[in-house]
Structures are given as C-alpha cells and as structure tokens.
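User: I am new to this structure. Please show me how to read its features, one at a time.

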Amino acid sequence: METPSPPRKGRLRPTLVLATLSAAFGSAFQYGYNLAVVNTPHKVLKAFYNDTYFERHGTVPSETDALLLWSCTVSMFPLGGLLGSLAVGPLVDRCGRKGTLLINNIFAIVPAILMGVSKVAKAFELIIFSRVVLGVCAGISYSALPMYLGELAPKNLRGTLGTMTEVFVILGIFLAQIFSLQAILGNPTGWPVLLALTGVPALLQLLTLPFFPKSPRYTLIQKGDEDTARQALRTLRGWANVEDEIEEMRAEDQAERAEGRLSVLNLLTFRPLRWQLVSIVVLMAGQQLSGVNAINYYADMIYTSAGVDAAHSQYVTVGAGVVNIVMTVVSAGTVECLGRRRLLLVGYGICGSACLTLTLALLFQSSVPELSYLSVICVFAYISGHSIGPSPVPSVVRTEIFLQSSRPAAFMVDGAVHWLTNFIVGFVFPSIQEAIGAYSFIVFACICLLTAVYIYVVIPETKGRTFVEINRIFAKRNRVEIPEKEDIPAVGPHTLSPPAKETSF
C-alpha cells in the first residue's frame, strides 16, 4: 500500500507541541524568571546584604559599598549573558541544539542551590556569583532555544514556534513578579526559596527533553545522518512521507557547501551574508535601545504620580505583566497570518508614538495633573507595542535569514549585541535621565523610527519561505549569485556531502 501524501502544511502535532513546551519552559521561562526575580524584593535582599556585612565588620556598609554590592548583583546577569552568548556557537556545533540545552541546565541548577543556602551560609557572595552563572545560562538559552525550535518547525509554523521563546520569557517574568509579592515569597523568610525556584524549570527539562528528537536539520546537514533525520521528522510531523522536507534540507546543504562552518571572524568579512549580519545587529540593538528598560525604570514613578500608592504599585506592575503576556500571545498567534515585517513595523510605530506622547505628558503633568493618567496609558501602550513586534519577532527572523553553516556564528554576534546593549542601557540610562529627564524618551522615539525605516527598506517578508529562498532574496542585495536548484549537481539520498570542517571562534 502506498503511503498517503501528507498535508501541504505542517500542523501542531503532540510531539512537536510537547518538545516545544519542554525546551521553552526549561530555557526561556527560566531566563525570564531570573530577569525579574531580584527587582521587587530588592529591599529585602539589600537588608540581608547589610545585616551580613554588619555581622562580619561590626558596622553597616557605606552608601558607596552598599551601592557597589547591589550594582554587582544586578549587572553580573547581563555580563554572564554576554559570556554565554560567546560560548553558544561551539556548543551547538559540537553538542547539537538539544544537547546544548540539556548541558545548559547545569548553569541553572547549581546556582539555584547556592542561592537557596546563601541565607543559612550568611554569604551574599553566593548570590552575586550565582547571578553570573545564571547569566551564562540565559546567554546560551537565548541563542540555542530559537535555533532548536526554528529547526524543528515546518516552515508554515516557524513564526509561531519562534515566538515561543519570548512568550515563555514573559511568562517567567510574570511568575517572578507574582512570587516576589511581599505576601508570597518577597519577604525576609521567603526570599531564599524565591531565588532557588529557578532550578525547577531546568530540572523538569532534564527529565523530559531527552525523550524528544534532535533537530532534524542539524542531524542531516551537519552530521550527515539522513535516516535519523527522516525518523525525527516522522515523529514530529505525525506522517511517514517527509521527503519534501528532506529534499529541502538537501538543497540547503548543497547551496551552502562552499561556506563550510563559518566562524565569527569569517562571518564578519563574508560578503554573501553582509546584509543578514547587519540586519540582526539592527534588530537586536533596536530591541534593547528602543526604551523598554527605560520604561520599566520609570514605571513606578509614573504610577505614583498618577496617584497609585507606593505599596500598591507592585500590583500595577503585575497588571502590566498581564498586558505583556496577552500581547505576546497575540503576536505568536498572528505572526504567520500578518507576517514578520508588519508586526515589527506596527510594534515600533506604537512604541515610538508612546515615547513621544509620554515625553509631553511628563513635561506638562505638573501644570495639568490629569496628564499623569495619560502617562500610565503610554506605559501600557508601549508595553503592548513592544510585545507585538520588537520583543518576540526578532527571535524568528534571526533564525530564518541564515543557513545552517552560518547560524551558530550569527547567533554569537546576535547574542553579544543583545547583552551588550542591555548592559549599556542599564549603565547609561540613569545618567541620561538625570541629565535631560523626560526628554530621554525622544531619543528612544528616534531609535524606534530609525529601526522601523531599516526594516521597511532592507528586511524582506520571510513568512512561508524556505531558508534557501530567503537566502536568495538577500543575495540580490549582497550582489552575489546563488545557483538555482537545477544548476546544482544532483545528490542522492545517501550521498550527502560530509559534515563541513568546523572552525574555531
């Protein structure tokens, strides 16, 4: 009996859904949780730092020392993220996407234990050290997870699965905000448990992810194991005839033979990928420099000026988290219908408009008190706009615009830009805010505008296209030629090119 032809479009089969949940919950959720978990209970943690310092030295730390300790606690996370992003390329090439995610759980479980015992050990150094290690974990997750999900998904679901990285990051942030409430764990007795909970998602991933397939694309193109790749596709798709996807992977393998395994240094000088590289730098820099961290920094002040009691502002923050989740889920549900470009352009348009309006509201609310309510609306509008496009969609696009051989090196550059700009905003924004006040949001509005213009002019719509088709679109802009399929010598099912030689950083 002949095998029936599969549906033209892939569907969310149980194995694909469960693999996505296992990978995203253990990596992205845990990343989001650590991003927010020290924010709300910062007064409780600072009190622990002060008490520990007093027990050791018989005096409370000076303002400078206290500020230095807390600054280290906060800033070590993006520093670790930068280190993790630089390690992800060699890891995903040697261990695979799934293997990298599993190994990465070590960098979540060990610091979870250390932070959980830090109060008993009376050592705030354990928290600071753990934040560095958790940053490494986040840096690896932020690159390896989108690669894994993007390579598992059929092309018509690549956008939806790609946005799951951001969906689970936002869910992690939201749950951290809930658990950090003073009535739950954000108190002097509960904070060690609050910090240690970061190990739970990692443990669950260690127990579940080994039962799901490796990336078929990695298995076939980089390892040359077509039989295993075919079996993985059958498991993920739920039907036996997967030859169309196998053929597409062969075409990608043939199209990129000349590249070999590109290192970061090769990538920076490789003309056929010039505009792809510039595009991910713009997308990642625009995501962080468009003001999202500044909005979070200003939020409590804006809520207070609108008459929200300082003790209740944490609940308004939770409300903003709900908006963030809802709009990110909306983005995930519409990215295959509306496309990547449209969501990015609409998102940056909303963010830029919200920044301009917020500037005016902050400048004139002293003379027109009712404008303080407009400021709150602007905060929620900005969060909505960023959650629609600038936050979730770059995770999709950065996977789609590179082929297999260049993707690890590209994600190293992408991750480095993400974490460096994250650190720069956190380090520089307080000084900018002190110097020019509300006018700082005009700077963010300009960045939103410039990023949107670049997206409109340079980045093509990638929805529904194969990786090779997207590469051909960029080839025209890079002024290089990629041979059409019929121009490439035929390669049989068991005569794939051997895995290209890997190069170092």
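Analyst: Start with a term. A helix here is a DSSP run of H or I with at least four residues, and helices are numbered from the N terminus. By that rule, Arg158 sits in helix α6, residues 158-162. Keep in mind that this is a predicted model.

User: How many helices and strands does the protein have?

Analyst: It has 22 helices and zero strands.

User: What does the radius of gyration say about the protein?

Analyst: Compare it with a rule for globules. A compact globule of 505 residues would have a radius of gyration near 23 Å. The protein has 24 Å, so the value agrees with a compact globule. For the extent along the principal axes, the C-alpha trace spans about 75 × 50 × 45 Å.

User: Which share of the contacts joins residues 24 or more positions apart?

Analyst: Take the contacts with a separation of 6 or more. Residues 24 or more positions apart account for 84% of them.

User: Back to Arg158. Is Arg158 buried or exposed?

Analyst: Use the cut-off: buried means under 20% relative accessible area. Arg158 has 3%, so it is buried. Now look at its contacts, leaving aside neighbours within four places in sequence. Among them are Gly150, Glu336, Arg340, Glu400, Arg465 and Phe467.

User: And where is Asp227?

Analyst: Asp227 lies in helix α11, residues 226-237. Its relative accessibility is 49%, so Asp227 counts as partly exposed. The C-alpha atoms of Asp227 and Leu114 are separated by 43 Å, and these two residues are 113 apart along the chain.

User: What share of the residues is buried?

Analyst: Buried residues make up 55% of the 505 in the protein. The accessible surface comes to about 21300 Å², and 66% of this area belongs to carbon and sulfur atoms.

User: How should I read a nonpolar core?

Analyst: First the general idea. In soluble globular proteins, nonpolar side chains tend to be buried together. In this model, the largest nonpolar core holds 119 residues. Tyr49, Tyr148, Leu195, Leu267 and Phe441 touch the most other members. Helix α5, residues 125-152, gives the largest share of this core, 13 residues. Another core, of eight residues, lies apart from it, and its members include Ile221, Ala229, Trp239 and Met249.

User: How many positive and negative side chains are there?

Analyst: There are 39 positive and 35 negative side chains. The centres of the two sets lie 3 Å apart.

Methods
Residues numbered from 1 in each chain as written. Predicted model: local features only at pLDDT ≥ 70, side-chain atom pairs only at ≥ 80, totals over all residues. Heavy atoms only, no water. Helix = DSSP H or I, 4+ residues; strand = E, 2+ residues; numbered from the N terminus. Rg over C-alpha atoms; globule rule 2.2 N^0.38 Å. Buried < 20%, exposed > 50% of the residue type's maximum accessible area, 1.4 Å probe, protein only. Contact = heavy atoms within 4.5 Å. Areas by Shrake-Rupley, 256 points an atom, 1.4 Å probe, with all protein chains shown as cover. Lys, Arg positive; Asp, Glu negative; His and termini not counted. Charge placed at Lys NZ, Arg CZ, Asp CG, Glu CD. Core = buried A, V, L, I, M, F, W, Y, C linked by side-chain atoms within 4.5 Å.
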